[in-house]
Amino acid sequence: MYTTRRKFLATLAGGSAVISLGARVPGFLARAAAAESGGGKDTILVVVQLTGGNDGLNTVVPYNDDEYRKARPKLAIAADKVLKINDTIGLHPAARGFSDLLEAGKLAIVQGVGYPDPNRSHFESMDVWHTCERKGSPRSTGWLGRYLDASRQSADVDAPAIHVGSEKQPLALAAETVRVPSFGSPESFRLQDGDNGPLRDAIRALANGGTAPADPLLGYLQSSTTSALAASDRIAEALRDYQTPVTYPESALATRLKTVAQLIDAGLKTRIYYVELDGFDTHSQQAATHAALLKQLSGAVRAFVDDVAHHGYGDRTLLMSFSEFGRRVAENASEGTDHGAAAPMILAGSSVSAGLVGEHPSLDELDNGDIKFHTDFRQVYATLLEHWLGWSSSSVLGGEFKSIDALKA
Amino acid sequence: MPNIRISCRSLVTLALLTSTAAVAAADERTAAQLLPPSTVIYAEIRQPQDLLATVYDHPLVRRIEDLDQVRLAMEKKGYLDFKAGVAVVESQMGLPLRKIVGQAMGGGIFFAIDAKAQGVVVLARATDASTQSKLVETLVNLASLDAKNKGNPAPVTMGDYRGIKTYSADKNQVAVMAGWLAATNKDDLEKQIVDRFLDPPKESLAEDPQFAKAHDAVSASTTAWGYVNMAALRDAGLAKKLFAGQSENAVAELLFGGIVSTLRQTPYVTVGLDVSDRQVRLSASAPHDREWAGESREYYFGPEGLGVAPSRLLEDGAIVSLSTYRDISAMWQRAGDLLNEQSNEELAKADSDLTTFFGGKDFGEDILGALRPEVRVVVARQAFAEGQSAPAIKLPAFGLVADLRDPLKMQPELRRTFQNLIGFLNVIGAMNGQPQLDLDMEKTDSAQFVTASYLPDPKSKDQLGLKINYNFSPSIAFAGSRFVVASTNAMAHTLATAIATNPPPGDAARVVNTDAILHFDALREILTDNREQLVAQNILSAGHSKEEAQRDIGAALDLVGWFDHLLLSLDTTACELRVSFDVDLKRAE
Amino acid sequence: MPSALDTIDPAWAWQPFEPTAEQEWNRTLAAHLFRRASFGATAAQIDAAVKQSPASVVEQIVRGSADTSDFRRQCDELATTLLATGNSQQLAAWWVYVMLHTANPLLERMTLFWHGHFATSAEKVTDAASMLAQNRLLRRYALGDFRPLVQEISRDPAMLVYLDSATNRKAHPNENYARELMELFCLGEGNYSEQDVQELARCFTGWEIKSGQFRFNRFQHDSGSKSVLGKTGAFEEGESIDWILTQPQTALFIVGKLYRQFICDEPTPPPQLLEPLASELREHEWQIGPVVERILGSQLFFSARALGRKVRSPVDMAVGLLRSLDGTTDTHLLAADLEQNGQGLFYPPNVKGWDGGRAWINSSTILGRANMTARLVGNDKTRFGDGTLDEYIARLGTGGPEQAVDLLSNLLLAVPLPPPSRESLIGICRKNANQSRGVAEAVHALATLPEFQLA
């Protein structure tokens, strides 16, 4: 009953208003859908971008498949090494963090994700994943950016999304009006008061003091300042006092995800966090590199999921990781793999419907040597928008995409 | 009048002599005799007034003081306050600063860290005990006065321990004992030192045979000398990271791995500093055993520790010329033993990327492994011919020379690899709008070259200057078994024809592992080539006007010009490892 | 506060400002003029301005200081030298340097205005030389004729690379530039049809960028008849641009942006309020300078509807602070800070440029802006009148902390400082005075005030 009503509203919000591509959903419908949808108002999505093209076939391994062994004489993971999920599929032995999460019921693996007529250029394919648009169409905004633009409430002062990293900001976050801050460390989210106690107090008193001005512009600035300082103090406090029994591995990704956990704990109203891990372009000598990357990725994700759960945000936090493409099925002559197509996506958190989602794509039927997709990545986005963030997906994604069963009902 | 004056002076001299004599009679102990045997770090300046004189009167220091910026800085409030403070002390003492230092500390300044008490000691020995005690009193009085003016309580309390006057502020203690001044930050330690001073000689650092041996070897002319008891440091669990099993940084391992292996086992390290008008020499040595490096660091010192750096190439004209024994391929392949897990993972990633870059040739095994461990590197200014268009930023050329392990097999392999690499760079460059490299081959009587040079930029006609790329014409050369890889064609030629020499003749017992020289004149030339860039960057980063920036850069270039060269070397004998840096100044004009 | 702009009489609004007893020509109004037209002014410049008539001060600002040729040449040389690094971030530091030291700040402000209008980012146009060439183009016409500016920007390599229009073939006209020319550069949304975009795109076929230079490829040009905005013709060699410029909406669109730049962020002015300015622009043959002069000297500009009614851009905030206090600094650091706060010079966020107004503000930038000021004041490389801030203010002969805070608020604030805040600042100033950091700490604290965000 509940589900039906929710779906009805979501369809109404999306379908009726969106006949031509890109038109905006009337606000009241979208808000009605948001209020009704499974995702509450305060759910958080953490996106982990795996840059370079992760070898999906050696991440989620069809270890009994003869075709797999044939295509990968040197790089195939031995059946006795994989972390078995079932009789045919297992995880790379370095992805121990993922198998732990799977056991705890906090990991979903969406198999065979891609898009039609895949492009094998890093930049082009990454742009497709970021904007949901092909080359030739205007691509000034990303899917998350469009969501941010549409869902932004004028009263929000906390940044609606934060990019934790010092790389160029991903196109996925580019929006028409909303500006997403990027930072390498949470330090930059702190008011510098020279650790000078009296000055610090005076600044707080000054910025927060005074009666609400009559002028609306000044009033806006006053309230923005007050809440920014409050956020800064919460973050400073969260950083200083942050206690966690979880040991994060020593890696760049783990440090960034820990920062995200701290910001969540600081009570920011931010709903989207974005982090990146580079280095997946493994054209040669792949085995050691790929193992190290999967170890870093799965270890960091596991620590993060445990940490947010420990602090009581487990039900509100969902992590999604993706890569611009998978790699070719056959290994190359340098013990590496070249750019490919479809690959699995990982969702982690206590709200996922744990386990494998969809079939492992067949290695008998390839598309020009590449794995064929059966799930469009925009279906995964639609699932997250509709059922996690509580927003109509069709205007954001530029069309209707069927949700998949990757989240708990 | 003159008579009286003379007599006055002689009286003072007499007084000085007697007081010094009195001190000498009262105590002939050395600093080491006052320090506990658990001292782990010891340093001494035997003749502080000489050092002070060298520094004060050094031609370089006078030239630095003449610099506009330094003169301006000396007019700033902080420095003026300091000078005013010094003036007050001088007037209260009735002596100029240099005299005060000479008399209060002329017998030497000593610094020590004691592991047992976890404390720091500073000892100063006077040539005139009364000046020393007066100095202490003057400083204490000034501090009290200042505190009083600010309404704070007196910072120093006076006391007495076994008849010796002591002063304490917080945890810091100062004792004045007839010509010896002892300052520590631990009460216990202070008492121990006073006890050693008053009581008959007992166990002290001086009795430590290891220390005594090292200390006896110090030359009398050495300006400053230090001793570190490594065994005790290791036992105390200090510098844990250094003594831990594996390095966390591959570059640091490559540069210092061998030194670290010695530090992990050697009983002690000594450091000597010699300062003269023309030279500053810093050298550190430690007892060494060629076995210590072990198999995993054979890459560093060579089999049986006898790997020798070849003689340096291009002694003149180079900015830097370095020669070393280092088997990089062996290190790359031994990384599993040498580096920690995280850096091994990073190295694995780098290996994968480089292997891609080198067209599938395994970087550690095939590329690095082709070279013998005797490596020479030269960095030199490059000349751009008159009329030839030059890049706006002029980088030095650099090149590396090593022998091939198997020239017949490796020459064609490396040639192909180089050609692939240039092709790869061209593809990447074309995608980013960079100019293209043109491959060429060349043969001389003695060598064979594969060169690549940038095609002229179609846009170079405009006034905007050439891209930084035009500093490079990457080339390789084969001359007999010798392999050259260089950033420019000209450098490849120079290196291919530079005379091959055997290990430098000299002390057969000393095995030189690394030997490098930096010529400041050449450095100054390359900086001068880029003067306009340096000025521009200074304008932006210091917010200067053009004139101010030119003055700044001019002064920096002048400063570089005062130095002649820097020599760096790492060598071993069967029982010692030594690292030394020598900086030579130019003779003042 | 009045907000209904419909009630403003357009005839009154653009009349020359006449000081009255209620609205005196004083230090507050002079500071307002310099804050908007220049990047702030020093106490001495404000004092000198008060002694003249507002109209003559405006005239001097708009006509620019005559003797800037030496500085101009030096800056050009400096930029050329920096190009060798091939790095547009160097250019950003360079531009900050120019803004800080130029004797003709309105020219830089207008160049920045056009940079936001014809937004092009070095993020995509990686060639720094093209970015500099565009910057020079914008500066050349910043207060001059808008028509050749549009003609040249339509052939500008950086612009066409940025809009993916470096190739434009007859068989597949690229609509990108045609669309932006109408939507963002000349007419504004809603004043053209999709059909117009397609037809205009045909006019630009054969306009190409090869090796960083514009060239016309006649083999790829569609020389057939097109129909753009109700007129049919071949529209050769930029005639289509001339035609767009004759549209009544174009002048209105441009003066609307100038209004937002100089008068206030919000609300959007009604067309009848802009019409006198649009006529002025047309009458002056598209010369921007006279229109800017009219705006800056107008009744509306010096009225409560304009005073303190803009949110400071990061550039205004930082460059304004330094210029008001005769400051210099490490411009590399400052340029990086500007980018961090959303105004990377040569790096606008997208083809629409900077939104300005409230879009500058969020919880991250509020902190970032205060931190930027704190870093500026705390940095050793920042010198005020070649000394520390405290020394500089002391040299102005301000006397005690009260006078220092009053001077700072006149120089740095667009709206009055509330009395309790004034007291706090005086307290901070006094408390840190013996470390000679009283004024510096007061400015640090001042930068966190909501009032400081207004221009």
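Over how many bridges do β3(A) and strand β4 of chain A pair? Let's start there and then tour the rest of this predicted model.

β3(A) and strand β4 (residues 89-91) of chain A pair over two bridges, in the antiparallel sense. Strands here are DSSP runs of E with at least two residues, helices are runs of H or I with at least four, and both are numbered from the N terminus. Two strands count as paired if DSSP finds at least two bridges between them. One bridge joins A:Lys84 to its partner A:Gly90 in β4(A).

The open sheet has three strands in the order β2-β4-β3 (chain A), with antiparallel pairing. β2 (60-62) and β3 (83-84) of chain A each have a single partner strand and stand at the edges, so one side of each lacks a neighbour in the sheet.

## Chain C as a whole

Chain C holds 23 helices and six strands. Its radius of gyration, taken over C-alpha atoms, is 23 Å, close to the 23 Å that the globule rule gives for 455 residues, so chain C is as compact as a globular protein of that length. That rule is 2.2 Å times the number of residues to the power 0.38.

Of the 455 residues in chain C, 55% are buried; a residue is buried if 20 or more other C-beta atoms, placed from the backbone, lie within 10 Å of its own.

## One helix of chain C

In helix α9 (residues 146-153) of chain C, the residues C:Phe146, C:Leu149, C:Val150 and C:Ile153 are buried. Seen down the axis of α9(C), the buried residues fall within an arc of 95°, so they line one face of the helix. The arc is that of the directions from the helix axis to the C-beta atoms. Among the elements that the buried residues of α9(C) pack against are α8 (128-140) and α14 (248-262) of chain C.

## Confidence and conventions

Chain B averages a pLDDT (the predictor's confidence in each residue, from 0 to 100) of 86, and 92% of the residues score at least 70. Over residues 1-26 of chain B, the pLDDT is below 50. Where pLDDT is low, the predicted coordinates should not be read in detail.

Residues are numbered from 1 along each chain as its sequence is written, while chains are lettered from A and ligands numbered from 1 in the order in which they are written. In this predicted model, local features need pLDDT of at least 70 and side-chain atom pairs count only at pLDDT 80 or more, whereas totals for chains, interfaces and linings use all residues.

Methods
A residue is buried if 20 or more other C-beta atoms lie within 10 Å of its own, exposed if 12 or fewer, and partly exposed in between; C-beta atoms are placed from the backbone. Two residues are in contact if their C-beta atoms, placed from the backbone, lie within 7 Å.
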